[in-house]
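Colleague: I have some labels to check with you. Can we go through them one at a time?

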Amino acid sequence: MLNNIGLPGLLLIAVVVLVLFGRGKIANLMGEVGKGITAFKRGVKDGTEEIENADAAAEAARDVTPERDRENA
């Protein structure tokens with residue numbers, strides 16, 4: 001069904017959406033989409049940094065087991 005939509009069909013859909021919603025609402029919507037993408041990218045970057053920091057902290061952890069108990073562990 002959607003396989004046969006060409007460039008003229010897409011242009012017609014874009015014009016209808018523009019007439020129905022107006023330029024201002026579409027601009028606001030695109031601005032919100034851009035902010036959402038930026039927030040998503042920032043969240044992924046922060047998550048990656050958090051994982052890397054956790055790995056570094058795990059490697060830097062030192063053994064605090066008392067000397068007498070280390071042989072039994």
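This is a predicted model: local features need pLDDT of at least 70, side-chain atom pairs count only at pLDDT 80 or more; totals for chains, interfaces and linings use all residues.

Colleague: What share of the 73 residues in the chain is buried?

Modeller: Buried residues make up 0% of them. The label requires under 20% relative accessible area. The accessible surface of the chain is about 6900 Å². Carbon and sulfur atoms account for 62% of that surface.

Colleague: Why does Glu 50 count as exposed?

Modeller: Exposed means over 50% relative accessible area. Glu 50 has 59% relative accessibility, so it counts as exposed. Glu 50 sits in helix α1, which covers residues 7-60.

Colleague: What makes the surface patch that includes Glu 50 negative?

Modeller: Its members are Asp 46, Glu 49, Glu 50, Glu 52 and Asp 55. Asp and Glu count as negative, so the patch is called negative.

Colleague: How do you know that Glu 32 and Lys 35 form a salt bridge?

Modeller: Their closest N and O atoms are 3.9 Å apart. The cut-off is within 4 Å, so the pair qualifies as a salt bridge. The structure holds one salt bridge. Side chains of opposite charge can pair when their charged atoms come close.

Colleague: Why are Glu 32 and Lys 35 separated by about one helical turn?

Modeller: Because they are three residues apart in helix α1. Glu 32 and Lys 35 are both exposed.

Colleague: What makes the other patch nonpolar, the one with Leu 10?

Modeller: Its residues are Ile 5, Leu 10, Leu 12, Ile 13, Val 16, Val 17, Leu 20 and Phe 21. Leu 10 lies in helix α1.

Conventions:
Residues are numbered from 1 along each chain as its sequence is written. Side-chain values use heavy atoms; hydrogens and water are left out. Patches are made of residues with over 30% relative accessible area and no salt bridge: like charges are joined within 9 Å, nonpolar side chains (Val, Leu, Ile, Met, Phe, Trp, Tyr) within 5 Å. Accessible areas come from the Shrake-Rupley method with a 1.4 Å probe; for residues, only the protein chains shown count as cover. A salt bridge is a side-chain nitrogen of Lys or Arg within 4 Å of a carboxyl oxygen of Asp or Glu. The place of a charge is taken as NZ of Lys, CZ of Arg, CG of Asp or CD of Glu. Helices (H or I, at least four residues) and strands (E, at least two) are DSSP runs, numbered from the N terminus. Buried means under 20% relative accessible area, exposed over 50%, partly exposed in between (1.4 Å probe, protein chains only).
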